[in-house]
Amino acid sequence: MKYSVLFILLTLISCSISSSTRKFKKYASPTNQFQQKNFELDYNLDQNWAFNPNISLTKDIYPQNYPQSTINYNIAVFYIHPTTYFNGSDWNVDTSYFRNNDLIDLCLENQASVFDGLGELYAPHYREMHIHAYTDTINGFLAFDYAYGDVLNAFNKFISEIGEKKYIVASHSQGTNHAIQLIHDRILPDHDINKNLILSYLIGMDLNKTTLNIPECDGDTGLYCLECWRSFNRDYLPIDWKYGQDYISTNPIISNGSDGYTNKIDHMGILLPNRKIKFTSSISVNDTLGILWVDIKSKRLKRHIDNSYHKADYNLFWPNIRKTLISRLRHLDDA
């Protein structure tokens with residue numbers, strides 16, 4: 001089956017929020033007041049994980065045409081998926097949402113797969129908030145805190161499972177909002193936990209340079225640092241996002257930074273939703289003003305240019321992210 005280039009990537013509403021919640025108005029949204037459910041999820045149960053070392057034996061998420069790593073680096077990864085809940089009358093999903101959820105599986109394949117095979121991958125189910133919670137300053141905050149409670153409990157279980165292993169926190173969109181709070185409130189204040197956090201991939205949301213006391217990654221050998229980018233069309237200044245010199249934007253193609261746009265030959269390809277890497281040397285990027293400008297170079301992709309590439313923040317650069325990550329992990333013993 002042939003896929004129409006980026007059509008699937010740029011039209012899927014799954015696996016992230018849009019640059020604006022306005023395009024989701026056609027879907028059902030909560031009209032009632034937030035009501036908290038009086039039970040916590042048991043993260044001793046595999047049913048409350050989208051992915052963990054047990055589930056990895058039966059669920060394949062890795063790209064079909066990309067070589068798997070021959071080395072396991074004895075690390076662990078805690079991945080928090082983005083918003084997949086756009087249509088519903090409750091502020092947060094219930095546990096029935098976890099069962100056989102193709103959208104969450106797509107997030108694993110499009111995003112978490114970049115970490116697969118390098119160590120133990122954990123991705124919790126959590127009672128994520130509705131997309132419209134971002135526009136409600138009362139119910140939305142309560143819904144966010146409720147979802148974050150699950151993420152925090154899952155992370156505590158993750159830490160108890162991995163012991164003294166080095167680990168990575170990775171996320172996208174709503175997941176990144178939770179990851180930032182998790183790092184700020186739970187990880188940084190606890191030396192025993194903080195000392196083992198080697199990388200943070202906080203993708204798809206704005207991050208002020210003063211929010212977290214973690215340096216931005218620079219080069220392909222550094223550890224104990226973070227990456228953060230948000231992908232938009234060349235020269236596009238988004239009206240619904242914060243940006244400027246005070247915000248972080250790392251370059252997923254050239255890890256040691258660059259002045260101006262990268263050379264398209266440095267782009268290693270795009271991960272499509274059929275789990276295949278295609279279209280090498282098709283993108284050039286420029287990280288500036290706290291955002292990542294994407295310049296589509298391939299003539300075959302020109303008709304799919306969009307102002308926001310939020311949905312494809314990982315897909316567009318999957319092989320480059322993977323290559324830099326492995327390069328950094330090779331220096332674990334030196335850190």
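**Briefing: fold, cysteines and selected residues of a predicted model**

S281 is partly exposed, with a relative accessible area of 27%. This residue sits in the loop that joins β9 (277-278) to β10 (283-288), and its phi is near 55 degrees, a positive value in a residue other than glycine. The model is a predicted one. Its protein chain contains six helices and eleven strands. The radius of gyration is 19 Å, close to the 20 Å that the globule rule gives for 335 residues, so the chain is as compact as a globular protein of that length.

**Overall dimensions and surface**

- The C-alpha trace of the protein chain spans about 55 × 50 × 45 Å along its principal axes.
- Of the 335 residues in the protein chain, 57% are buried.
- Among contacts with a separation of 6 or more, 79% are between residues 24 or more positions apart.
- The protein chain has an accessible surface of about 14500 Å², and carbon and sulfur atoms account for 46% of that surface.

**Cysteines**

- One disulfide is present in the structure.
- The disulfide is formed by C217 and C225, with their sulfur atoms 2.0 Å apart.
- The link of C217 and C225 is right-handed, with 90 degrees about the S-S bond.
- C217 and C225 are both buried.
- What is the closest cysteine sulfur to that of C228? It is the sulfur in C217, at 11 Å, which is too far for a bond, since a disulfide requires the two sulfur atoms to be within 2.5 Å.
- C228 has a relative accessible area of 0% and is therefore buried, the cut-off being under 20%.

**Loop residue N100**

- N100 lies in the loop between β2 (75-80) and α2 (102-110).
- Is N100 buried or exposed? Its relative accessibility is 75%, so N100 counts as exposed, the cut-off being over 50%.
- The phi of N100 is positive, at about 50 degrees, although N100 is not a glycine.
- N100 and N194 are 94 residues apart along the chain, and their C-alpha atoms are separated by 34 Å.

**Helix α3: N139**

- N139 belongs to helix α3, which covers residues 139-162.
- With a relative accessible area of 6%, N139 is buried.
- Which residues does N139 touch, not counting residues up to four places away in sequence? They are N32, Q33, F34 and W91.

- Helix α4 is made up of residues 174-187, and N177 is placed in it.
- Leaving aside neighbours within four places in sequence, N177 is in contact with Y134, F144 and M205.
- N177 and H191 are 14 residues apart in sequence, with a C-alpha to C-alpha distance of 22 Å.
- L182 is also placed in helix α4.
- The relative accessibility of L182 is 0%, so L182 counts as buried.
- L182 and S298 are 116 residues apart in sequence, and the distance between them is 39 Å from C-alpha to C-alpha.

Notes. Residues are numbered from 1 along each chain as its sequence is written. This is a predicted model: local features need pLDDT of at least 70, side-chain atom pairs count only at pLDDT 80 or more; totals for chains, interfaces and linings use all residues. Side-chain values use heavy atoms; hydrogens and water are left out. Helices (H or I, at least four residues) and strands (E, at least two) are DSSP runs, numbered from the N terminus. The radius of gyration is taken over C-alpha atoms; the globule rule is 2.2 Å times the number of residues to the power 0.38. Buried means under 20% relative accessible area, exposed over 50%, partly exposed in between (1.4 Å probe, protein chains only). Contact means heavy atoms within 4.5 Å. Accessible areas come from the Shrake-Rupley method with a 1.4 Å probe; for residues, only the protein chains shown count as cover.
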